[in-house]
Amino acid sequence: MSHYSLIIGGKAVETAGYAEVTNPSTGDVAGLMPLASPEQLEQAIAAAKAAFPLWSAKTSDERAQACLAIADTLEAHADELAHLLTLEQGKPLNGLGSRFEIGGAVAWARHTASLDLPVEVLQDGPEGRVELHRKPIGVVASITPWNWPVMIAIWHIIPAIRVGNTVIIKPSPYTPLSTIRMVQLINEVLPAGVLNVVTGGNELGALLTTHQDIAKITFTGSTATGRKVMASAADTLKRLTLELGGNDAGIVLPDADPNAIAEGLFWGAFINSGQTCACLKRLYVHDSLYDQVCDALSAYAASVKLGDGLAEDSVLGPVQNKMQYDIVSSYVQDAVDRGGRVLIGGAPKDGKGYFYPITLVADIDHGAKLVDHEQFGPALPIIRYTDLDAVIAKANDNPAGLGGSVWSSDPVAAKAVAARLECGSVWINKHGAIQPNAPFGGVKQSGIGVEFGADGLKELTTIQSVFC
Ligand code: NAD
């Protein structure tokens with residue numbers, strides 16, 4: 001059984017205890033996660049703090065070169081990382097699975113390397129010169145979830161180190177192994193202490209959020225945990241970026257072509273078996289084409305093969321853990337109890353692993369858990385509407401505000417509807433497509449701040465105005 005180590009100050013560090021990480025496709029043990037003690041967490045923070053003066057003093061170009069070297073290293077180990085990611089996360093190697101995730105991490109690292117935040121001259125004249133400098137903040141704590149563990153880790157790590165911060169990452173206890181291996185590889189490129197990894201239970205995250213030597217927290221996870229992070233960071237006034245849960249609405253306008261949009265709707269909702277923050281989680285379809293959209297989506301869903309992520313022909317994998325599997329099961333059951341019509345799926349599968357079938361539930365409305373709450377799994381509610389103003393109000397009637405989409409043959413009409421959705425990203429005739437040059441973040445209770453692009457990079461800096 002492979003066991004993994006913490007990486008602190010550039011060295012592998014053993015722990016007194018280890019915990020089993022489960023392969024969600026089989027229920028077998030994927031590997032052993034080291035359980036960091038509070039003392040080891042202190043050591044990691046001390047290592048990151050000690051590395052900060054030298055790393056922050058490097059030139060921007062030196063740090064850009066380091067980020068490119070990281071991308072090269074990850075690319076060279078892409079197959080190994082993808083295999084490990086599938087083993088612990090469950091997502092298939094192929095399609096929009098592990099190989100796609102590692103490729104995305106490499107692409108994001110390269111793009112972020114190319115960004116820069118040069119000094120801005122705000123004023124230069126007889127009244128004097130004023131410059132705006134952006135400086136690294138210090139030690140950044142990165143706390144990541146289990147759905148896209150490698151890609152999200154890269155979204156946290158690369159911008160932080162690009163601008164001169166040092167980092168401690170604490171991955172989810174459900175998927176720590178690929179992060180540990182990645183940090184080990186990255187440490188072959190970076191000076192000791194610039195990037196450290198600690199693993200263990202949720203209490204490690206809580207300790208990081210209160211520690212006086214952590215200057216900034218980049219957190220991706222549920223809104224419930226995000227609230228706790230914000231509260232415990234208050235005492236030391238830490239900078240925060242919070243990327244939290246979503247309950248994205250998609251609105252299909254009457255002029256859409258059901259067969260043309262079915263594939264895009266499906267992948268918007270079911271990428272990573274629905275375990276994606278910006279998945280399409282509530283689908284509103286106009287009454288005039290409701291049945292056609294339901295039929296086209298069901299036909300597409302029936303063609304998608306669910307299976308063990310390590311099988312080369314699997315297109316979607318299991319739910320990552322029992323807790324999430326139970327949430328999805330109970331939300332679908334609640335929908336059925338309220339008269340929802342299951343078009344496909346609906347019944348949990350027998351046998352090994354946390355396989356929940358791709359599920360579409362029609363004739364359902366607000367008031368059902370599957371609509372009101374984030375399901376974060378492979379079950380999509382399809383809601384009928386007749387009035388455009390009323391459906392926009394319903395789409396916005398949720399505390400979350402991560403993403404949204406509008407589906408139509410008329411891009412101008414679609415854009416006008418999109419502008420009325422309360423969310424940080426909005427797509428026309430697609431859903432959830434993100435890219436490294438476009439800021440991404442939630443409004444309302446889906447988060448604070450953005451990631452990606454120069455705007456994302458700025459969140460890892462503080463401003464110093466220089467009057468000379
Ligand atoms: P989670 O909130 O349960 O856990 C996220 C991380 O927080 C884990 O590493 C966990 O160990 C840690 N943690 C738990 N309690 C903590 C505490 N008190 N203090 C500090 N850290 C603590 O989330 P999850 O179940 O791993 O992930 C799923 C959620 O993440 C979904 O709601 C999803 O929408 C959201 N998500 C959001 C984005 C985004 O960019 N907005 C991206 C991916 C996932």
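**Note on the predicted model**

1. Start with a helix pair. In α3, Ala78, Asp79, Leu81, Ala82, Leu85 and Thr86 meet Ser98, Arg99, Glu101 and Ile102 of α4. Contact here means heavy atoms within 4.5 Å. The residues of this contact divide into five nonpolar, two polar and three charged. Ala, Val, Leu, Ile, Met, Phe, Trp, Tyr, Cys and Pro count as nonpolar; Asp, Glu, Lys and Arg count as charged; the others, Gly among them, count as polar.

2. A word on the basis. This is a predicted model: local features need pLDDT of at least 70, side-chain atom pairs count only at pLDDT 80 or more, and totals for chains, interfaces and linings use all residues. Residues are numbered from 1 along each chain as its sequence is written, and side-chain values use heavy atoms, with hydrogens and water left out.

3. Now the geometry of that pair. Helix α3 spans residues 78-89 and helix α4 residues 98-114; their axes come within 8 Å and cross at roughly 125°. That makes α3 oblique to α4. Angles under 35 degrees count as roughly parallel, over 145 as roughly antiparallel, 65 to 115 as roughly perpendicular, and the rest as oblique. Axes are lines fitted to C-alpha atoms, for helices over the stretch in contact, and angles run from 0 to 180 degrees between N-to-C directions. Helices (H or I, at least four residues) and strands (E, at least two) are DSSP runs, numbered from the N terminus.

4. Check two backbone angles. Most residues other than glycine have a negative phi. Leu237 has a positive phi of about 50°. Leu237 lies in the loop between α8 (223-233) and β11 (239-243). At 64% relative accessibility, Leu237 counts as exposed. Lys444 also has a positive phi, near 50°. Lys444 belongs to strand β20 (residues 443-444). At 36% relative accessibility, Lys444 counts as partly exposed. The cut-offs are under 20% relative accessible area for buried, over 50% for exposed, and partly exposed in between (1.4 Å probe, protein chains only).

5. Gln324 sits in helix α11 (residues 322-337). It counts as buried, at 7% relative accessibility. Leaving aside neighbours within four places in sequence, Gln324 is in contact with Trp146, Val319, Gln375 and Phe376.

6. Finish with the core. The largest nonpolar core has 60 residues; Ile154, Ile157, Ile161, Met182 and Leu190 touch the most other members. Helix α5 (residues 149-162) gives the most to this core, with 10 residues. Such a core is a set of buried Ala, Val, Leu, Ile, Met, Phe, Trp, Tyr and Cys residues joined through side-chain atoms within 4.5 Å. Not counting residues up to four places away in sequence, Ile161 touches Trp55, Arg63, Cys67, Ile70, Val167, Leu190 and Val194.
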